[in-house]
Amino acid sequence: MKRIASYTLGCKLNFAETSQLVRQFVAAGYTPVEFHEKADLYVINTCTVTAIAEKKCRNIVRQAVACNPRAIVAVIGCFAQNDAEMIAMIPGVDIILGNNDKHRLPEIVEERLSSPDHSAPLRGEKGTPTSFQLSYSMGDRTRTFFKIQDGCDYFCTYCAIPYARGRSRSATIEETVAMARQIAAEGAKEVVLTGVNTGTFGLHQQESFLDLLRRFDDIDGIARYRISSIEPNLLNDDIIHFVAQSKRFAHHFHIPLQAGTDKVLRLMNRRYDTAFYADKLHSIRQLMPDCCIAADLMVGFYGEDEETFQQSLKYVDSLPLSYLHVFTYSERPNTRALTFTGKVPIHLRRLHTNQMIHLSEEKKKAFYRSNIGRKETVLWESDVKEGMMFGFTGNYLRVSTPHQESLVNTLQEVTLDCLDSQQELFFIEKS
């Protein structure tokens, strides 16, 4: 029996797509194994957000070849879409598929196996991705990442994703709801809704993201939904009010900020300013005081000198955020930002990134402290470490308790009264 190993770089969207592909291979008779094990096929789903992700791709290809030099190595996804020529230069790569062709990987693997000429990697067709396939991850039965949308129409000046994934597109509400029911039937209790620009779901077929959320709220079997990320200009008052009164949607928003000054936001071609963003967060906090609010923030973009960074740091500190995902700006090919002046030196990018990460850590600790004494519902997961099991509340607080197998994939109301010394984990005594 053939064996398949997979490795995913980048976002939750990639995890959903990789999982979907692995299920297709399993249906064709393959057995999934860990990536460090010997396999007949290695699938590497790539990211192009940062240069670090691309460097990691090269290292992972080398790991696969070292595990089994005779295996087929397939590199797919965003890096493969944007720079197939560079991937073709990595020794050991057999198949290179961008985002338009990656869903055809099973048939392309068979084509490769039947081909007598292995002197060059087999490549997919060039061109802007236009296809769309619903997909979801199912690594365990507790949580699944559900891809409901792909592509982006925004073309922020720092971002190569619209070139790698194409324009915004999605399935219909009926098709998406049908797959959500399938996910529920497989036992997942929590569904994380993922996409490149999730809030544009249905835009091109006269449907709306809010209408989809309302339909999801009525599906039995799924206890909790999370919206993985939504642009601030697309997170309207109707969506906020819906989540506030929803039966199943978690009080948890991830709202990209990217920069903390209007000057840099304009250079990035973002569709809001700092006042709009702050008002959005205060509206959420007013309706849902317990809500976890996270943000993506990029440090070191063009024009962010020391004075501008300090303004950004002060602004972010003033926001009612629970934590940040902080990224250091990395120049990406084919983006408009490459024509800008005011480049920030690498050492300053790193210094400022560390300062922003420190602020994020302080905000996260404050958010945990603010929840001491609250009653929340935990969804317990299967991971066990040193006799402890873990789970998350609806507002994304991490909780631990002594391992009890019977608790896995169940919801339990707990009182959050014991916070660890690092102020980033609640402990619940065994009942």
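1. Start with the contact between two helices: Phe 209, Leu 210, Leu 213 and Arg 214 in H8 meet Asp 238, Ile 239 and Phe 242 in H9, where contact means heavy atoms within 4.5 Å. Sorted by type, the residues of this contact are five nonpolar, no polar and two charged. Here Ala, Val, Leu, Ile, Met, Phe, Trp, Tyr, Cys and Pro count as nonpolar, Asp, Glu, Lys and Arg as charged, and the others, Gly among them, as polar.

2. A word on what you're looking at: this is a predicted model, with local features needing pLDDT of at least 70 and side-chain atom pairs counting only at pLDDT 80 or more, while totals for chains, interfaces and linings use all residues. Residues are numbered from 1 along each chain as its sequence is written, and side-chain values use heavy atoms, leaving out hydrogens and water.

3. Back to that helix pair. H8 (residues 209-216) and H9 (residues 237-245) pack at about 10°, their axes 10 Å apart; axes are lines fitted to C-alpha atoms, for helices over the stretch in contact, and angles run from 0 to 180 degrees between N-to-C directions. The two are therefore roughly parallel (under 35 degrees; over 145 is roughly antiparallel, 65 to 115 roughly perpendicular, the rest oblique). Helices (H or I, at least four residues) and strands (E, at least two) are DSSP runs, numbered from the N terminus.

4. Now the sheet. Six strands make an open, parallel sheet in the order E2-E1-E3-E4-E5-E6, and two strands pair if DSSP finds at least two bridges between them. At the edges sit E2 (31-32) and E6 (122-123), each pairing on one side only. E1 (residues 3-8) joins E2 through two parallel bridges, and Arg 3 stands opposite Thr 31 in E2.

5. Two helices to check against the sheet: H1 (residues 12-27) lies across E1, E2, E3 (41-46) and E4 (72-77), at about 175° to E1. H5 (residues 105-114) touches E3, E4, E5 (95-97) and E6, and its direction makes about 150° with that of E5.

6. Finally, the aromatics. The count comes to 19 pairs, taking rings of Phe, Tyr and Trp (its six-membered ring) with centres within 6.5 Å; planes under 30 degrees apart are stacked, over 60 edge-to-face, the rest tilted. Tyr 158 and Phe 301 have ring centres 6.1 Å apart and planes at 80°, so this pair is edge-to-face. It ties together parts 143 residues apart in sequence. Both Tyr 158 and Phe 301 are buried (under 20% relative accessible area; exposed is over 50%, partly exposed in between, with a 1.4 Å probe and protein chains only).
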